[in-house]
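Thanks for coming. Please have a look at the model on the screen, and then I will go through it piece by piece.

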Amino acid sequence: MTHLIKNPEVMKKVSEEIRQVSGGKIEVEECDLQHLHYLKLVIKETLRLTPPAPLLHPRECIQDTQINGYDIPAKTRVFVSFWSTGKDPSYWDDPETFRPERFEDSFMNYRGSQFGLIPFGSGRRICPAITFAMAGVELVFAISFTASTGTCRRESPLKTST
Ligand code: HEM
């Protein structure tokens, strides 16, 4: 929400999309999420620029290893900063700018295979709840928008499809 307040043109675009998808209906439902394309880009860009946590769970090296000429002895504890990889200029153009459009036509995803975007981690300890978490974030965001823009006419906007 802070990114949207600081970027009113993004706020306008995402609220128009949500209004259009929920238009004529009482509220946004789970089945509408597939049509909220720009909202998904906004959430991806938010996770890139400001992930909920800065570091992955610590790892421990199980054998002596060499990476980029550096010797990493067995038992070394490794902290991976995905706060940094999300802003690494070798992955991202203009990394400090909040620009959801950067994900249009991009194959970059948060499933753990592209290290520029690992808000859910990577490898064996990757977050097992990615799909659940993203659906929850998208739904809550969309519902709060319809509620705040007056599209929703019910007292409680919380409803999921069965
Ligand atoms: C936007 C929401 C969420 C984010 C950004 C997130 C992010 C993460 C991250 C970064 C890790 C560590 C991965 C690693 O070290 O490689 C993790 C682990 C985990 N997450 Fe999530 N998570 C979210 C939501 C959830 C939810 C809703 C649940 C459960 C319902 C969940 C369950 C777990 C569990 C059980 C682990 C530990 C996996 C393991 O250690 O093997 N997460 N999550």
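I start with a definition: a residue is called buried if 20 or more other C-beta atoms lie within 10 Å of its own, exposed if 12 or fewer, and partly exposed in between, with the C-beta atoms placed from the backbone. By that count, 22% of the 162 residues of the chain are buried.

Two notes on the source. This is a predicted model, in which local features need pLDDT of at least 70 and side-chain atom pairs count only at pLDDT 80 or more, while totals for chains, interfaces and linings use all residues. Residues are numbered from 1 along each chain as its sequence is written.

pLDDT is the predictor's confidence in each residue, from 0 to 100. The chain has a mean pLDDT of 89, and 90% of its residues reach 70 or more. Confidence is highest in α3, at a mean of 96, and lowest in α5, at 86.

Now the layout. Helices (H or I, at least four residues) and strands (E, at least two) are DSSP runs, numbered from the N terminus. The chain has five helices and four strands. Along the sequence they follow the pattern α-α-α-β-β-β-β-α-α.

Next, contacts: two residues are in contact if their C-beta atoms, placed from the backbone, lie within 7 Å. Of the contacts in the chain with a separation of 6 or more, 59% are between residues 24 or more positions apart.

What about the interior? In soluble globular proteins, nonpolar side chains tend to be buried together.

Which residues does V28 touch, not counting residues up to four places away in sequence? They are I18, V21, S22, A142, I143 and T146. The C-alpha atoms of S144 and V28 are separated by 9.5 Å, although the two are 116 residues apart along the chain. S144 counts as partly exposed because it has 15 C-beta neighbours inside 10 Å.

A135 is also in helix α5. A135 has 14 other C-beta atoms within 10 Å, so it is partly exposed. T131 is another residue of helix α5, and T131 is exposed because it has 10 C-beta neighbours inside 10 Å.

On to the ligand. A residue is counted as near it if the residue's C-beta atom, placed from the backbone, lies within 6 Å. The ligand is surrounded by 17 residues, and the closest are L56, G121, C127, A129 and A133. This shell divides into twelve nonpolar, four polar and one charged. Here Ala, Val, Leu, Ile, Met, Phe, Trp, Tyr, Cys and Pro count as nonpolar, Asp, Glu, Lys and Arg as charged, and the others, Gly among them, as polar.

The UniProt annotation "binding site", from an unreviewed entry, covers C127. UniProt positions are given in the numbering used here, feature names are shortened, and annotations may be inferred rather than shown by experiment. C127 sits in the loop between α4 (82–85) and α5. Not counting residues up to four places away in sequence, C127 touches F120 and G121. Is C127 buried, exposed or partly exposed? It is partly exposed, because it has 17 C-beta neighbours inside 10 Å.

Last, the backbone. Most residues other than glycine have a negative phi, and most peptide bonds are trans. K75 has a positive phi of about 80 degrees although it is not a glycine. K75 is in the loop between β3 (70–72) and β4 (77–78), and it counts as exposed because it has 10 C-beta neighbours inside 10 Å. D94, also not a glycine, has a positive phi near 45 degrees. D94 lies in the loop between α4 and α5, and with 9 other C-beta atoms within 10 Å, D94 is exposed.
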